[in-house]
Amino acid sequence: MSDHTSETPRPADAPEPSEPSGQAGTPEQPALSKALPPEPGGTVPEPPKVPGYAQRGGHRQPADPWRQSSPQASALSTLRPAAPAAIPGATLCCVIVTAILSGLLLGDGLGLNALIVAVPATLGAFFAARTTGRRLRPWTAFWAVGGLALLAVPALRDAGWPVFLAVVSAVALGSLALHGSRSWLGVFLGSLGLFSAIADGLAWGGRGVRARMSGSRGRLGGVLRSAAVAVVLLIVFGALFASADAAFADVLGSLMPDVSVSGSPWRFLLFLTGLVGALAAAYAAAAPVHWDGLTVRRGKPRGRLEWALPLVVLNLLFAVFIAVQLTVLLGGYDKVMAETDLSYSAYARQGFWQLLWATLLTLLVIALALRWAPRGRGSDRTLVRTVLGVLCLLTLIVVASALRRMDLYVDAYGLTRLRISVAAVELWLGVVLVLIMAAGVFGARLLPRAVAASAAVGVLAFGLASPDGLIAEQNVQRYRDNQSIDIDYLRGLSADAVPALDTLPEPLRSCTLRDIERSLRSDDAPWYATSWGEARARDILRKRSPEDAAQSCARSSRTGVGGSSRDGDESDPYDPY
């Protein structure tokens, strides 16, 4: 503990401390013994034992035990830095703005408001980090910009499922930007580390508010009075201008959030959520937890034969499977279906799920193999790279085979949300395999962050591609190619599908868009909670009146036109929606 305690400066005219002579103790003890009178026997009495911090400073306390690194210290205490100084004023203002915007804007749904709320929270974390001397590093900037880019998905797309993935990924990237982890365990825990700073952030913000209120009561009162006067002026003159000009009233009404008394509890909860989240982000930026300090001990290296034999056998199995797949591609699926007595949909669907699980299990095998890989000599590293490189390459071919099966199944029966989702996951697993192969050549130092970055880029691309729009386009194209179309399924898509569904001939168009149009007509969300996809769908549907669409769809139901046609396989598990 004394290693963390700084020495008290010695006055210029003070004598040099004498060295201890054969006694244990501090240099100050001999000087103290000289000042004591000798006993009658000529011996000097032993000086009293005084703690070191009292000898050097008189009133100085020992160092904060939270920062000591002793064997008895808990693992978390060695990861957490010391508590930061008082919260900066700029950070506190950004936190308050974030909380107010959360309460006013987020209660009407997600759209551009998610990005609007995230901007002051990001600025508050930046000011807090700059106060503690943290520098903006390239990976930190990448995580921060990526998180903000993911929040553009709610502003562009109306579908809820890609928006949910984008928001969750944005929070994870923001947490990574605050903690800056590098290892596998650090990247995983760092993406969740924002939640560990909630309690400390609240206490930190409370201390800062109390310190500022106690030190500047008069100035705080002046600020509150000025704000109250500004609000009164805005209300009075805004009401006058709105009553004088109808166009200005419309603009003002569209810009101002609709705050109702009935929704006050929900908005207050959103206010607290924004306050807690912004404080946690600022505290994590000022005092990030060093999750990289938690390491997983590598397994005991195995012998070459013990380690390589199971993997070589697995590589041979993969090679045989790929050879059969090439035979299928050359001979045609009709021959295989005749020999296996499987239907077209059963062969494509069942094979895809098996190959998806094979890809996931291969990644697990690679992780365990690296844990117990031989690593004594250069030849061992060459063996590891060769065996695992071949396994990754063969697994990539399996991924291509799985995607090919999904493509055949979609061509036959159309695209759905689950089909496009699992195909996207399989494609991302292929990217992970390519990154693992690159790490075997160039080194694995950047591999954890590269895998996390590929996942974030995949979620962003998935949201920007508008999956509901792709589903509608593919099914409409199949209908144009004299295939069947499932009207009942397409009715459940979001407003992102309207541009493609609007190209259908009547009465299919009216029957497909009826539910979407009814949902858009009943939704009166303000501009900040309306996505671009929803606004575009409103413009398209505004060209035709609801009465015409209802009459057209009613005529089709009486004549039997426009009914749904499903895959023909009632046990199809691909379509749970």
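Is Arg509 buried or exposed? Select Arg509 and colour by accessibility: this residue is buried, with a relative accessible area of 8%. (Buried means under 20% relative accessible area, exposed means over 50%, and partly exposed is in between, using a 1.4 Å probe and protein chains only.)

Before going on, some housekeeping. You are looking at a predicted model, where local features need pLDDT of at least 70 and side-chain atom pairs count only at pLDDT 80 or more, while totals for chains, interfaces and linings use all residues. Residues are numbered from 1 along each chain as its sequence is written, and side-chain values use heavy atoms, with hydrogens and water left out.

**The whole protein**

Switch to cartoon and you'll find 25 helices and 0 strands. These are DSSP runs numbered from the N terminus (helices: H or I, at least four residues; strands: E, at least two). Of the 577 residues, 36% count as buried.

Next, the charged pairs. Side chains of opposite charge can pair when their charged atoms come close. A salt bridge here is a side-chain nitrogen of Lys or Arg within 4 Å of a carboxyl oxygen of Asp or Glu, and the count comes to 10. Select Arg417 and Asp468, whose closest N and O atoms are 2.8 Å apart in a salt bridge. Arg417 sits in helix α18 (residues 417–442) and Asp468 in helix α20 (residues 467–480), so this pair ties together parts that are 51 residues apart in sequence. Both Arg417 and Asp468 are buried.

**Helix α24**

Move to residues 532–541, which make up helix α24 and hold both Glu534 and Arg538, 4 residues apart, or about one turn of the helix. Their side chains form a salt bridge at 2.9 Å, N to O. Glu534 is buried at 4% relative accessible area, whereas Arg538 counts as partly exposed at 22%.

**Back to Arg509**

Salt bridges that share partners join Asp502, Glu506 and Arg509 into one network, so select the three together. Within that group, Arg509 and Glu506 meet at 3.6 Å, N to O. Glu506 is partly exposed, with a relative accessible area of 35%.
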